[in-house]
Amino acid sequence: MSSSDGMTCSSDGGDTAACHRRQCSGLTGCALLASEAAAHVARLCRSNPRLLSMLIQEKCGDDANSSRFTHDFKTLADVLVQRLVAKRIGQQFPELEESVYGEENDTIQNNKGEDVTIQVGETVEETFQCLSKALGDDLDSAKSLAESAHKEFEAKDLNVDCYPPEEENLDLEKIGIWIDPIDSTNEYINGNVNSINEYGFHSSGLHCVTINIGLFDKHSGKPIAGVINQPFFEFDPVKGWSGRCYWAYCDGQKSLNSLPEFISCNQELVVTSNSETDEAKAALQRSGYTVATASGAGYKMLCVALGVVKCYALTKDSTYEWDTCAAHSMLASQGGTACHCRTADGPLTYRPKIAGGGVRAHCNAAGVIASRDPQTVDRVHALLQSSMRLQHCSS
């Protein structure tokens, strides 16, 4: 684990469940455990093709990410994961119940054409009753999902290098939380499993799917803490899929995370979206960067935080606050940053969900540049700005 101020966090959770629970008692730890509960639900939904196919629905109107996708989808897993994370954080920190925001609305249409609002109840039975309506009276699937949504996890169940601090210097009245329940939903739906590319990361497939939980200061807009869970990190022929968790915390006084120590990338590697313009890719390549693509904004930024790639750059307006908040926190804890690409407005900031505003109200409209190295951010920002000015003049 890396720390900017010499603080350490034990990677040994102790021999008792009580010790494990104690080590995840803070807000970041609560989000970490919630992410694993969410990952468990995501894996269950993905393992049942009938369940997955029943409730894949296309987003419409203000809910759709039409700037990137011709068709934008959500699944029951997206909605249930979002409600599950919000529920668990709200149970442990009731003062945050109204400050947890998610990408998805809570409504799913069942096969009878009825709108069902997904809720995680106080009991398995309450959740079962809700899910049985959503699943068109498929009681077996509803029961399995309800039990999964109430499964308890402890720190010893997590695949994480170390645990977050028990004590956090957080004013909960100032905290907002963004949830991206299943980032890279299209990869989740397709279910492909692709090999690691020549650069050491996955370009597409289930490995690119992440659950992102980002904490931010509602007054300053700065990211404070983040959790990223890869539900499909490793596959075992007998046990099936298992996940991997990462967290970071940076309150302005101390910075802690479960990420590797900073290692300077020898290769000038920039990762971007498949939808990035040829002009932007060419500008990066002319400046000596190697350009590769991958799915999932959360996954691409995680690759930056892990030191697999040097920078993530995107000139398009196809990412949102819930995509970047968690990973931005990780980069900030490492001395890095994520900033706007097409303007000089500085680091990305975050704000509470605007009622009735639609997804565009929380779009990173000027693109994103993110790196563990602020000098790399400045350099990539300058060359892309220059490229866009030349492109504008020629047009």
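The side chains of Arg43 and Glu36 form a salt bridge with an N to O distance of 3.0 Å, a salt bridge being a side-chain nitrogen of Lys or Arg within 4 Å of a carboxyl oxygen of Asp or Glu. Arg43 is buried at 14% relative accessibility, and Glu36 is buried at 6% (buried means under 20% relative accessible area, exposed over 50%, partly exposed in between, with a 1.4 Å probe and protein chains only).

The model is predicted: local features need pLDDT of at least 70 and side-chain atom pairs pLDDT 80 or more, whereas totals for chains, interfaces and linings use all residues. Residues are numbered from 1 along each chain as its sequence is written, and side-chain values use heavy atoms, without hydrogens and water.

The count comes to 10 salt bridges, including these:

| Pair | N to O distance |
|---|---|
| Arg43 and Glu36 | 3.0 Å |
| Asp106 and Arg83 | 3.9 Å |
| Arg360 and Asp317 | 2.6 Å |

Arg360 and Asp317 are 43 residues apart and link distant parts of the chain. Arg360 is partly exposed at 40% relative accessible area, and Asp317 is partly exposed at 23%. Glu154, Lys156 and Asp157 are linked in a salt-bridge network.

The axes of helix α9 (residues 297-305) and helix α10 (residues 321-333) come within 9 Å and cross at roughly 5°; axes are lines fitted to C-alpha atoms over the stretch in contact, with angles from 0 to 180 degrees between N-to-C directions. Helices are DSSP runs (H or I) of at least four residues, numbered from the N terminus. The helices α9 and α10 are therefore roughly parallel, the term for angles under 35 degrees.

Technical notes:
Helices (H or I, at least four residues) and strands (E, at least two) are DSSP runs, numbered from the N terminus. Angles under 35 degrees count as roughly parallel, over 145 as roughly antiparallel, 65 to 115 as roughly perpendicular and the rest as oblique.
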